[in-house]
Amino acid sequence: MKDFNPLLSFTVLSQCRILRCNSEYLFATNHLDDSLNEDYCIALRSYSLCTQRSAWFCRGDLVYHSAVQGIEDLMIQHNCSKEGAVSLPRPRVPAENQENLHLPDTCKYEKSFYFKQHQKPTYLHCDVFGNLHIRTFYNDFHTCRVQGAWPVIDNNYLSVQMTNVPISAHQNISTIRKVTAIFKNSKECIDQKVYQAEIDNIPAAFVDGSVNGGDRNGANSLVIKEKSDAGHVEIQASYIGTTLLVRQVGQHLGFAILMPEEVASSHTEEQDQQLCVSGCPFTERLPLNSPIDNEEEAKAKCKEKLQVEDIYFECCVFDILVTGNPNASLATFRAVEDAKLLHPDKETFHAFRNSVAGRPTVCCMFLLASVLWIVFLHYG
């Protein structure tokens, strides 16, 4: 990650055509039923060929690697040969309005969980905002310099990746340029859906143009809506009890999620390096305190909207100081609004440096990092 070249990476990813491959496959299979196995095999071979043509340009793209793995699984499932006919994509027949379709009980996470456990699920909240701050599922706050593509969430049901770039060539601070979310196939509820947002392009639709989970009976257990009054796009995945928000503030993207603990924990040890689970790696963390002039002015600006001097307040001051732009405070203001909306425990909404609930934090190491940061700025 340290050798990441944001210009080269953006050039490569901008030429990645995996979303077109995905759409062509969906167009080709939308009308098929399980009895048409050979037609599925033709569509899968065509899909595979499309991804092979995009391999070099897409090598760092999460959606691409998910598609390649998905094709292999489907080829085995349908007993398809890798050799054989391929075809052009077929025109998609628009689905009927599904707003009033009855959802199966298995696609209502809270109801299903209560039936099995006789209690309501425990929810976790995570958000990523500004330059670049993370509140993990366990209420740990980190400020990170992570650049390139990083997994935010990666479990059995949902994968979210963010792509970060430096705010300038001379600063070690990054911001989110792109968010990609993959809602994985759920046989009884939804087809696999991919959502992608970039700076100045936050669509209220999935990459295939749809606004729900497909053509299954449980399709409306995954819906996407534009909340114009709140300034964000909201994705409600009720089949996994999850709500995801994506917004743009200035030239920053922000991301927030509410997810059941059972869903968030459904991952392997190899998938444990998720920013919402473990935070950013220690070597990528930055201290919030920074000896820069005009700190009082920055605090006064943050005080306009943040009356409590908690870690959100510190993030706000940090962003103004490192960017020199008072409007950088808006990212934190919006993140606080998202947290008020999504955080499951209003009593722990405000978090403070020495009393953050959740996993144990390495306070001494954080203090050491802060001292080294000050020495670096003073003598560097």
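In which sense do strand β9 and strand β10 pair, and over how many bridges? In this predicted model, the pairing of β9 (residues 232–237) with β10 (residues 242–249) is antiparallel and runs over 6 bridges. Within this part of the structure, Q236 is placed opposite T243, the latter residue belonging to β10. In general, the strands of a sheet pair through backbone hydrogen bonds, in either a parallel or an antiparallel arrangement.

The two strands belong to an open sheet of 8 strands, whose order is β8-β9-β10-β11-β1-β2-β3-β12 and whose pairing is antiparallel. The edges of this sheet are formed by β8 (222–227) and β12 (285–286), each of which pairs on one side only.

Turning to the aromatic side chains, the count of aromatic pairs comes to 5. For F183 and F206, the ring centres lie 6.1 Å apart and the planes meet at 75 degrees, and because planes over 60 degrees apart count as edge-to-face, the pair is assigned to that class. F183 is located in strand β6 (residues 174–183), whereas F206 is found in the loop between β7 (193–198) and β8, so that the pair ties together parts that are 23 residues apart in sequence. Both F183 and F206 are buried.

Ring pairs also link F129, F141 and Y312 into a cluster. A contact of another kind involves K303, the charged end of which sits over the ring of F313 at 6.0 Å from the ring centre.

Key. Residues are numbered from 1 along each chain as its sequence is written. This is a predicted model: local features need pLDDT of at least 70, side-chain atom pairs count only at pLDDT 80 or more; totals for chains, interfaces and linings use all residues. Side-chain values use heavy atoms; hydrogens and water are left out. Two strands pair if DSSP finds at least two bridges between them. Helices (H or I, at least four residues) and strands (E, at least two) are DSSP runs, numbered from the N terminus. Rings of Phe, Tyr and Trp (its six-membered ring) pair if their centres lie within 6.5 Å; planes under 30 degrees apart count as stacked, over 60 as edge-to-face and the rest as tilted. Buried means under 20% relative accessible area, exposed over 50%, partly exposed in between (1.4 Å probe, protein chains only). A charge sits over a ring if NZ of Lys or CZ of Arg is within 6 Å of the ring centre and within 35 degrees of the ring normal.
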